[in-house]
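Visitor: I would like a short tour of this model. Please keep it brisk.

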Amino acid sequence: MAGGGRGSGRPAKKKSPTKGTGGNVRRGLEGRGATPPAHMRHWHKDKMRAQRIEREERTGGSSSPRPAARPKRGDDAPEYIGGRNPVLEALRAAVPASVLYVAQRIDNDDRVKESLRIAADRGIAMLEVTRDKLDRLTEGGIHQGVALQIPPYEYAHPDDLVGIAQDAGEAPLIVALDGVTDPRNLGAIARSATAFGAHGLVVPSRRSAGVTGGAWKTSAGTLATMTVARAANLTATLREYREAGLFVIGLDGEGTVELAEANLLDGPLVIVVGSEGKGLSRLVRESCDLVVRIPMHAAAESLNAGVAAGIALYETARHRRR
């Protein structure tokens, strides 16, 4: 059936002439003309930016709705300790607390039972809440179904720490923190300060860790007995301590004297601990009577602030026992 139309037995029809393109192909080959200026191209980034700015001005500075930012925690806002061991340790240490939150349908182990008993004995309010509520209170931290609300910490004045030592009939031993921003380091230093007989801590009011839930948790309750003072200007506070007869020793890896060889450890003393990364700031370093270092192997470039403070406080206590 060669040449036939699909086996119909009839000869195939001849194709009729098709309509022309009307010159479309010819005009398409002529090009699109000159490229329009940038401000006339809707896809141009400058125009898009200008439209975005104009849109933000109309909508009050926001081009699209966004979730509200979490408000910054104020100094007068309560703090929260999460976790069964930290909560129990805080309650045992008589940390001031206002509310004990317990998750619904919690598995009551011995720690939870003792926490509930201590809270009931101390008259602390107890609330049963959802785990989502606990997540929000602890800001996503590990709470294990329990959280303890503590009121804002009441900081002392730096002069009060000298008074505490005088009342005890002892040479003042004060730890000052310069640029330590991790609350866990503050808690660890408070724990060491309590163990080795310090009379208080001094923290700057800006760019420094404060007594937060994280600090309470790491301190294992020792912040309940360790006084923390807040200084508006740490350099000025150190100068006032020196004028009052206290020696100021700074801990820094570039110190010229080893800690054990310092001859000021048995007198009225302020130990300044710098941040792990930057160490002591220039002004604070210049305010020190002596800058000492802790000898260690070269493989370890630096020590955690909490560890360095613990070593310095131990060495100071050893000198004072002689």
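Visitor: Where is Ser281 found?
Guide: First, the ground rules: this is a predicted model, where local features need pLDDT of at least 70, side-chain atom pairs count only at pLDDT 80 or more, and totals for chains, interfaces and linings use all residues. Residues are numbered from 1 along each chain as its sequence is written, and side-chain values use heavy atoms, with hydrogens and water left out. Helices (H or I, at least four residues) and strands (E, at least two) are DSSP runs numbered from the N terminus. Ser281 sits in the loop between strand E10 (269-274) and helix H10 (282-286).

Visitor: What is the relative accessible area of Ser281?
Guide: Buried means under 20% relative accessible area, exposed over 50%, and partly exposed in between (1.4 Å probe, protein chains only). Ser281 falls in the partly exposed class, at 31%.

Visitor: How far apart in space are Ser281 and Asp178?
Guide: In sequence, 103 residues separate Ser281 and Asp178. C-alpha to C-alpha, Ser281 and Asp178 are apart by 7.3 Å.

Visitor: What share of the protein chain is made up of buried residues?
Guide: The chain has eleven helices and eleven strands. Of its 322 residues, the buried ones make up 39%.

Visitor: What is the handedness of the crossing of H3 and H4?
Guide: The axes of H3 and H4 come within 9 Å and cross at roughly 30 degrees (lines fitted to C-alpha atoms over the stretch in contact; angles run from 0 to 180 degrees between N-to-C directions). H3 and H4 are therefore roughly parallel (under 35 degrees). A crossing is left-handed if the near helix is turned anticlockwise from the far one by less than a right angle, and right-handed if clockwise. The crossing of H3 and H4 is left-handed.

Visitor: Which residues of H11 make the contact with H7?
Guide: The axes of H7 (residues 183-195) and H11 (residues 305-320) come within 8 Å and cross at roughly 15 degrees. That crossing is right-handed. Contact means heavy atoms within 4.5 Å. From H7 come Asn185, Ala188, Ile189, Ser192 and Ala193; from H11 come Ala305, Gly306, Ala309, Gly310 and Leu313.

Visitor: What do the buried residues of H6 pack against?
Guide: In helix H6 (residues 158-168), Pro158, Leu161, Val162 and Ala165 are buried. They fall within an arc of 95 degrees, so they line one face of the helix. On the other side of H6, Gln166 and Asp167 are exposed. The buried residues of H6 pack against E5, E6, strand E7 (228-231) and helix H9 (234-243).

Visitor: Which residue follows H6?
Guide: Its phi is positive, near 70 degrees. The residue after H6 is Gly169.

Technical notes: Parallel < 35°, antiparallel > 145°, perpendicular 65-115°, else oblique. Arc of directions from axis to C-beta.
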